[in-house]
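Morning, everyone. I have one structure to walk you through today. Please take a look at it before I start.

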Amino acid sequence: IFLVKNLLDCSHGDFCGDETYTSLEDVRLDLQLMFQFPSRFLDNIETNPMPQLLICNKLYGREHEIAMLEQSYQQHVNGKCSGVIVRGKAGVGKSKLAMHVQELQSNSYFLVAKFDQNKDAKPLSKIGTMFNELCDLFIQEATHSQLKLVEEA
């Protein structure tokens with residue numbers, strides 16, 4: 001809106017009448033031309049029909065949290081059964097942190113659940129779903145003898 005207003009206000013300045021916009025329709029037509037044929041209006045600028053946004057996969061300022069998660073994982077590998085809950089306000093990078101740690105670990109199961117405190121009527125059902133996923137993963141990768149041990153237990 002401000003762009004259009006400024007373009008129309010140019011007629012009140014030092015510009016000649018034929019170099020300024022006198023109506024909203026003139027502005028609309030030129031903006032449409034700019035959108036359809038940007039190279040006519042932009043000198044020495046490469047134009048691409050689809051702008052690209054590149055997002056870096058690096059985590060900044062999360063060294064302490066990553067170290068804590070790696071330590072928890074190592075404790076688990078050494079026989080101390082534990083889990084980790086990553087919590088915080090919306091948009092602080094909880095999911096990105098969890099995905100980063102998942103990429104660092106191999107030969108392990110990694111389960112994720114998102115809890116929405118405002119919309120989730122049964123938050124504990126997410127934990128049940130995670131255990132079901134864990135059982136499915138175990139069944140897919142277990143040897144016959146491991147499955148037999150589970151049946152007998």
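In which helix of the chain is confidence lowest, and in which is it highest? This is a predicted model, and that is where I want to begin. Helix α1, residues 2-9, has the lowest confidence, with a mean pLDDT of 59. Helix α6, residues 144-152, has the highest, at 88. Across the chain, pLDDT averages 75. A score of at least 70 is reached by 69% of the residues.

Now the layout. The chain has six helices and zero strands. Read from the N terminus, the order is α-α-α-α-α-α. There are 153 residues, and 9% of them are buried. Next, contacts between residues at least 6 apart in sequence. Of these, 36% join residues at least 24 apart.

On to the core. Which residues make up the largest nonpolar core? There are five: L59, I66, L69, L97 and V101. Two elements, α3 and α4, each give two or more residues to this core. As a general point, nonpolar side chains tend to be buried together in soluble globular proteins.

Last, the second largest pocket. How much space lies in it? About 220 Å³. The lining has 14 residues, and E65, L69, I85, V86 and L97 are the closest to the pocket's centre. Two or more lining residues come from each of α3, residues 63-77, and α4, residues 94-104. The biggest share is from α3, with four residues. By type, the lining splits into seven nonpolar, three polar and four charged residues.

One link to take away.

Conventions. Residues are numbered from 1 along each chain as its sequence is written. This is a predicted model: local features need pLDDT of at least 70, side-chain atom pairs count only at pLDDT 80 or more; totals for chains, interfaces and linings use all residues. Side-chain values use heavy atoms; hydrogens and water are left out. On a 1 Å grid over the protein atoms alone, a cavity is a set of points where a 1.4 Å probe fits but cannot get out, and a pocket is an open set with protein on both sides within 12 Å along at least five of seven lines; lining residues have an atom within 4 Å of a point. Grid points are joined across faces, edges and corners, and a volume is the space filled by probe spheres set on the points. Ala, Val, Leu, Ile, Met, Phe, Trp, Tyr, Cys and Pro count as nonpolar, Asp, Glu, Lys and Arg as charged, and the others, Gly among them, as polar. A nonpolar core is a set of buried Ala, Val, Leu, Ile, Met, Phe, Trp, Tyr and Cys residues joined through side-chain atoms within 4.5 Å. Buried means under 20% relative accessible area, exposed over 50%, partly exposed in between (1.4 Å probe, protein chains only). pLDDT is the predictor's confidence in each residue, from 0 to 100. Contact means heavy atoms within 4.5 Å.
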